[in-house]
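Subject: Structure handover

Hello,

Here is the structure we talked about. Please open it and keep it beside you while you read the notes below.

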Amino acid sequence: MNKILPINRSFIVIFIIIACVAALSNCLNKGSDKKNEARQADFTQYAGSGKCASCHKDIYEKHLLTGHFLSSQLADEKTIKGSFDSTKNKYVYNPSLYIAMEKRDSGLFQVVYFKDEEKKVMPFDMVIGSGTKGQSFAYWLNNRLYQLPITYYSVAEQWSNSPGFPNKVQFDRPITSRCLECHATFAGLLSAPNAEPEEYNHKQMILGIDCEKCHGPGAKHMDFQLKNPDEKKGKFIITPSSFSRQQTLDMCAVCHGGNLKKTQPSFSFIAGDKLSDFFELDSVKTTAINFGTADVHGNQYGLLQASKCFRMSETLTCNSCHNTHENERGKLAVFSQRCMNCHNTGHEKTCTVKNISSDIMKENCIDCHMPVGRSQSIVLFTPDSEIPKAAMFRSHFISINEEAVKNFMNEKRNEKTKIIKP
């Protein structure tokens with residue numbers, strides 16, 4: 001008996017250890033399953049930003065003018081910037097083939113002509129893009145969305161071949177939910193996950209990047225506040241001002257973080273979530289920037305991350321410079337003043353350029369340290385040139401750019417010379 005007891009005890013101890021390991025593994029697997037379990041985006045949770053105006057009229061009306069809000073709209077004569085006049089409405093591929101933008105009794109269309117014979121008619125159903133740089137367009141085919149072959153290039157005030165399209169007629173490029181995720185607040189899917197091309201519910205589209213993109217679905221908030229008008233603290237709504245630095249950055253990086261491959265369905269990420277729980281992350285490395293391979297468009301977050309300003313700060317985020325409630329595009333003095341919040345005269349890192357006035361510094365730090373550059377991804381053809389034109393975007397890699405400083409100073413000297421001349 002004395003020899004049997006130790007064996008039994010050892011067996012019991014080993015059995016307990018195995019059981020504990022199995023239980024722990026099961027818990028970890030459940031946690032992992034919970035993390036990877038697809039969150040289902042629900043259209044019924046959204047109120048629509050128009051209802052926000054009843055309590056937030058000033059912010060709402062200012063937001064209507066932002067590039068975010070105008071990032072997608074229903075297509076009509078007011079929202080489409082390109083001309084339908086017969087002298088300005090064509091994109092010519094070759095002497096025999098062209099597309100004309102036409103207004104007809106039934107709507108607005110892109111019409112393909114070959115040897116002046118009508119071959120295909122595609123409606124303008126959706127505008128994609130605020131129009132600051134340009135606008136692309138989509139058309140419905142049953143429950144699927146496809147990109148139209150012709151884009152409007154605002155800078156040149158011309159119709160152009162859609163970016164990435166071959167210089168020939170193409171009308172079968174589907175609009176994916178990942179595309180819409182960065183141009184719309186919500187799009188209800190009808191098709192099964194990973195089915196291509198995807199199908200959408202026409203009645204479950206919230207176009208534009210509106211209030212609920214950053215503050216979360218607002219139906220529950222709206223219902224509560226209307227029933228409790230004396231409650232001053234917003235309930236059942238997300239307040240980004242309370243976010244950690246990383247939460248704020250993740251919220252913006254969904255659409256400004258480069259080539260993000262989703263691991264959960266589009267529109268399942270909600271502001272405040274952890275980006276890596278929904279996407280495989282891609283970032284711009286400093287080496288890529290040094291060798292000029294980083295595009296100025298598409299990964300503003302990666303470019304900002306690589307900047308010394310960002311790395312030396314514990315608080316700098318996109319919102320340090322951008323007020324997303326207002327249209328501040330082109331207001332260089334406004335952004336320069338935000339630079340001065342850190343780089344003021346008492347700061348060791350101030351402008352070292354000689355012979356530059358403090359007034360100029362206050363008006364424009366941006367062109368020297370965040371110069372405009374050519375996009376490698378947004379390149380398009382216009383009818384007047386066989387050479388494709390690159391769209392221009394402001395780099396978010398904040399740096400001391402000697403060439404940009406030289407160009408800026410030469411421009412200022414030329415301006416001064418013009419003033420002095422009689």
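Start with the hairpin of β9 and β10, which has 4 residues between the two strands. Glu157 in that turn has a positive phi of about 55°. Helices (H or I, at least four residues) and strands (E, at least two) are DSSP runs, numbered from the N terminus.

A word on the source. This is a predicted model, so local features need pLDDT of at least 70 and side-chain atom pairs count only at pLDDT 80 or more, while totals for chains, interfaces and linings use all residues. Residues are numbered from 1 along each chain as its sequence is written, and side-chain values use heavy atoms, with hydrogens and water left out.

**Around β9**

β9 covers residues 150-153. Strand β10 (residues 158-161) runs antiparallel to β9, and 4 bridges join them. Two strands count as paired if DSSP finds at least two bridges between them. Tyr153 stands opposite Gln158 in β10. On β7 (residues 134-141), β9 has an antiparallel partner over 2 bridges. There, Gly134 has Tyr153 as its bridge partner.

Which way do the β9 side chains point? Ile150 and Tyr152 go one way, and Thr151 and Tyr153 go the other. All of these are buried. Buried means under 20% relative accessible area, exposed over 50%, and partly exposed in between (1.4 Å probe, protein chains only). In a regular strand the side chains alternate between the two faces of the sheet.

**Around β4**

Strand β4 (residues 107-114) is mostly covered, with 6 of its 8 residues buried. β4 pairs with β3 (residues 97-104) in the antiparallel sense over 8 bridges. A hairpin of 2 residues joins β3 to β4. Tyr98 has Tyr113 of β4 as its bridge partner. β5 (residues 117-123) also runs antiparallel to β4, through 6 bridges. Gln110 stands opposite Met122 in β5. β4 and β5 form a hairpin too, with 2 residues between them. Lys115 in that turn has a positive phi of about 55°.

**Cores**

The largest nonpolar core has 19 residues. A nonpolar core is a set of buried Ala, Val, Leu, Ile, Met, Phe, Trp, Tyr and Cys residues joined through side-chain atoms within 4.5 Å. Ile80, Phe124, Phe137, Ile150 and Trp159 have the most contacts inside this core. β2 (90-94), β3, β4, β7 and β9 each give two or more residues to it. β3 gives the most, with 3 residues.

Ile80 touches Ala75, Leu108, Phe124, Val127, Gln135, Phe137 and Trp159, not counting residues up to four places away in sequence. Contact here means heavy atoms within 4.5 Å. A second, separate core of 17 residues includes Met126, Tyr200, Phe267 and Ile270.

**Aromatic pairs**

Rings of Phe, Tyr and Trp (its six-membered ring) pair if their centres lie within 6.5 Å; planes under 30 degrees apart count as stacked, over 60 as edge-to-face and the rest as tilted. By this rule the count comes to 15 aromatic pairs. The rings of Tyr91 and Tyr93 have centres 4.9 Å apart and planes at 75°, so that pair is edge-to-face. Both Tyr91 and Tyr93 are buried.

Phe186 and Phe267 have ring centres 5.7 Å apart and planes at 50°, so this pair is tilted. It links distant parts of the chain: Phe186 sits in β11 (residues 184-189), and Phe267 in the loop between β13 (261-262) and β14 (279-280), 81 residues apart. Both Phe186 and Phe267 are buried. Ring pairs also link Phe84, Phe124, Phe137, Tyr152 and Trp159 into a cluster.

In helix α5 (residues 219-227), His221, Met222 and Gln225 are buried. Seen down the axis, the buried residues of α5 fall within an arc of 95°, so they line one face of the helix. The arc is that of the directions from the helix axis to the C-beta atoms. Exposed Lys220 and Lys227 are on the face of α5 turned away from its buried side.

**Asn94**

Asn94 is found in strand β2. Its relative accessible area is 33%, so Asn94 is partly exposed. The side chain of Asn94 reaches the backbone nitrogen of Leu97 at 2.9 Å. The backbone nitrogen of Ser96 lies 2.8 Å from a polar atom of that Asn94 side chain.

Best wishes

Methods. Polar contact = N/O pair within 3.5 Å; in protein donor to acceptor, adjacent residues only side chain to side chain.
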